[in-house]
Amino acid sequence: MSDAINITFITADQQRFSISGTLGSSLMETAIANNVPGIEAECGGACACATCHVFVPSSLAAPNDDLEDVMLDEVAVTRQSNSRLACQIELSTDLQDAVFHLPERQI
Amino acid sequence: MSEGVVIVGAGHAGTTAAATLRQLGFDAPIKLLSAEATLPYHRPPLSKAWLAGEKSAEQIQLRNENFYQINAIELINSCSVTAIDTHNKRLECAASLLRYDKLILATGCQARPLAGLDEYTNVLSLRNLADARRLQEQLGQAHHLTLIGGGFVGLEVAATARKRGIAVDVIEAESGLLKRVLPDLVADFFLQKHRTEGVNLHLNTVAKSFQAKENRLCSITLSNQHTLYTDLVLVCIGDSPAVDLAGAAHLRTELAAIYVDPQLRTSCDHIYAIGDCTSFHLPLSGQLTRLPSVQNAVDQGKAVAQSLVGKGTGYDPVPWFWSDQYNIKLQIAGVSTDNTTLLLRGSPSDEKFSVLEHIQGRLMAVYSINSAADHLAARTLIKNKLPLDVNLAADSSVALKDCA
């Protein structure tokens with residue numbers, strides 16, 4: 001099998017986008033590459049803008065590092081326990097069939 | 001609007017303008033003209049993650065290839081625009097004439113060249129993906145890299161090269177690195193950091209003469225008499241806005257850039273301009289400004305789309321910027337002005353601090369090193385003009401957002 005990872009994004013207004021990404025790409029890059037609405041990613045993945053906020057399955061809920069943790073306090077909608085920045089999540093086989101929810105706004 | 005909008009330039013600004021027009025329900029034709037052969041891409045990684053081999057060309061695309069067709073944005077690659085015929089509202093291109101109702105110039109900048117070095121195959125500049133490919137290829141063989149110019153592009157490339165174990169020299173005319181864009185405390189921090197990482201710095205000096213073998217530069221003699229030996233040179237002495245088309249069409253320029261009003265309109269009422277090629281009066285400072293940055297390109301791209309659909313509220317941003325060098329993330333919010341008081345929070349020796357510039361508590365600019373929370377709080381505080389409690393702000397154990 002290829003390194004395709006199948007994931008689903010659900011927007012705040014309940015639109016579903018079932019897409020496929022490649023191992024090693026970030027969740028943000030995968031969303032943008034597949035025209036999923038609801039992710040701004042103003043800084044293109046440099047962990048500098050907090051506009052790629054997503055809600056993740058609980059197994060993924062821990063931020064990568066202090067920088068992401070700090071940035072998550074500044075997202076446009078209230079941070080939840082399962083908030084992450086999509087640019088800091090790398091697609092791995094663990095994410096096969098994972099579902100991600102998007103906030104109603106990023107700014 | 002039967003001919004629709006034509007956008008000259010498919011960088012961050014032009015691509016954002018096209019995407020935002022469609023998001024706002026604009027349904028007339030949109031043509032997005034790129035001088036390059038590739039899909040539009042993010043420019044910042046060219047000196048960082050892409051150059052380091054951490055990201056591929058596909059991963060830095062601004063949108064995937066289907067985006068343009070799905071949104072009825074006609075992307076025209078390898079398009080060379082030679083003139084604007086403002087009377088007949090059409091663009092003269094190398095192979096065609098394109099009519100428009102409204103024109104958006106998003107032509108960006110060119111890297112400023114250093115005279116007399118064109119003939120050397122190992123002297124490069126860095127502005128676009130083609131430049132970055134040449135640089136990456138030559139970096140693969142180079143033992144020694146020289147940067148002429150100690151600004152953001154040069155220093156990001158220096159950091160990337162040092163991580164690859166390449167010897168690096170930087171030639172800088174001023175007395176320090178980034179002196180014109182950072183407060184002294186932060187500029188000095190970067191000077192020390194690059195020194196610690198093994199970059200050889202030549203300050204207060206310029207390249208005076210060049211020695212070559214066949215068509216490759218092999219050494220540079222500086223104005224301070226020192227000669228340095230090198231096998232690859234990157235000229236990064238600044239950028240100049242691409243204004244030839246605008247100049248020939250007699251559009252108003254200021255600071256050698258295309259001047260725009262708060263609706264992003266040029267001196268010709270059917271021509272707009274956005275991004276690195278523009279200058280404008282920044283409401284935050286009241287100053288005539290250029291803001292060559294991703295923030296300005298993206299936000300002017302959004303603002304011009306709003307203007308074109310009649311919903312423009314006037315471009316009034318809080319500028320922000322970032323640069324990554326080694327393990328250091330610099331983030332800047334706001335813009336420096338005269339008569340500010342400086343306040344330090346955090347610890348330079350811990351590589352985690354911010355320098356705040358305020359006028360009696362009103363925050364004008366914040367320069368943050370590895371302090372993202374300060375940066376994001378600063379963007380809000382500067383925008384809302386809330387007066388800061390300076391005693392609290394100096395205490396880094398108190399979140400900056402709680403200091404107003």
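Q: How many salt bridges are there between chain B and chain A?
A: The count is 4, where a salt bridge is a side-chain nitrogen of Lys or Arg within 4 Å of a carboxyl oxygen of Asp or Glu. This is a predicted model: local features need pLDDT of at least 70, side-chain atom pairs count only at pLDDT 80 or more, and totals for chains, interfaces and linings use all residues. Residues are numbered from 1 along each chain as written, chains are lettered from A and ligands numbered from 1 in the order written, and side-chain values use heavy atoms, without hydrogens and water.

Q: Which side chain meets A:E42 in a salt bridge?
A: That's B:R379, at 3.8 Å, N to O.

Q: And which element gives the largest share of chain B's side?
A: α8(B), with 6 residues; helices here are DSSP runs (H or I, at least four residues) and strands likewise (E, at least two), numbered from the N terminus.

Q: How many residues does the contact take from each chain?
A: 23 from chain B and 22 from chain A, with contact meaning heavy atoms within 4.5 Å.

Q: Switching topic: which strand do 4 bridges join to β1(B)?
A: β7(B), residues 102-105, and the two run parallel. Strands pair if DSSP finds at least two bridges between them. In β7(B), B:K102 is the bridge partner of B:V5.

Q: What else is β7(B) joined to?
A: β20(B), residues 271-273, by 3 bridges, also running parallel. There, B:I271 stands opposite B:L103.
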